[in-house]
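Student: Can we go through this one together? I'd like to begin with confidence.

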Amino acid sequence: KVGFQRGGNVRALAPWREGIEKEGSALAWSEEPAWPARLAETWWLGLRLAEGVDPERARSRAGCRALGDADDPALEVAERLVSSGHLDRRGAHFVIPHDAVPLADAIAARFLNDVPRSPRAARARAHCTTEEPMSDAAL
């Protein structure tokens with residue numbers, strides 16, 4: 001992953017070698033997901049960390065630094081999950097409670113499905129950019 005661009009190499013050794021020799025790369029595909037997908041994926045992966053997700057840092061990582069809490073579609077999903085007992089708040093962070101860990105894939109699916117479809121996502125488009133994301137070291 002570089003910036004917001006992500007990609008994958010060819011999977012077989014012979015085409016990988018050929019790509020390296022001919023083009024200097026074994027890249028088979030690349031894409032740049034739209035910001036709602038980047039935000040949802042930041043939550044999906046971040047909730048698997050012991051410290052969970054800080055919404056402000058997640059927005060920054062996804063290229064939505066100027067987006068506030070009131071317009072954040074992922075925060076809306078997180079608050080619903082807190083209400084249902086599937087997420088907890090620890091200070092500024094959201095975490096999966098121990099008894100909900102077996103439901104981590106279903107919790108992640110809520111973000112992946114609901115964030116891009118949220119009315120907040122449509123309203124927030126002006127706040128989100130393609131500027132470089134916050135580095136991993138800053139998270």
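Student: What is the mean pLDDT of the protein chain?

Tutor: The mean is 87, and 90% of the residues reach 70 or more.

Student: Which cut-offs and conventions apply?

Tutor: In this predicted model, local features need pLDDT of at least 70 and side-chain atom pairs count only at pLDDT 80 or more, while totals for chains, interfaces and linings use all residues. Residues are numbered from 1 along each chain as its sequence is written, and side-chain values use heavy atoms, with hydrogens and water left out.

Student: How many helices and strands?

Tutor: Six helices and four strands, in the order β-α-β-α-α-α-β-β-α-α along the sequence. They are DSSP runs numbered from the N terminus: helices are H or I with at least four residues, strands E with at least two.

Student: Switching to the largest nonpolar core: which residues touch the most other members?

Tutor: Of its 26 residues, these are Trp 35, Leu 39, Trp 43, Leu 47, Leu 87, Ile 107 and Phe 111. Such a core is a set of buried (under 20% relative accessible area, 1.4 Å probe, protein chains only) Ala, Val, Leu, Ile, Met, Phe, Trp, Tyr and Cys residues joined through side-chain atoms within 4.5 Å.

Student: Which helix gives the most to this core?

Tutor: H4, with five residues.

Student: And what does Trp 43 touch?

Tutor: Not counting residues up to four places away in sequence, Trp 43 touches Val 53, Pro 55, Ala 58, Ala 74, Ala 78, Phe 94 and Phe 111.

Technical notes:
Buried < 20%, exposed > 50% of the residue type's maximum accessible area, 1.4 Å probe, protein only. Contact = heavy atoms within 4.5 Å. pLDDT = per-residue confidence, 0-100.
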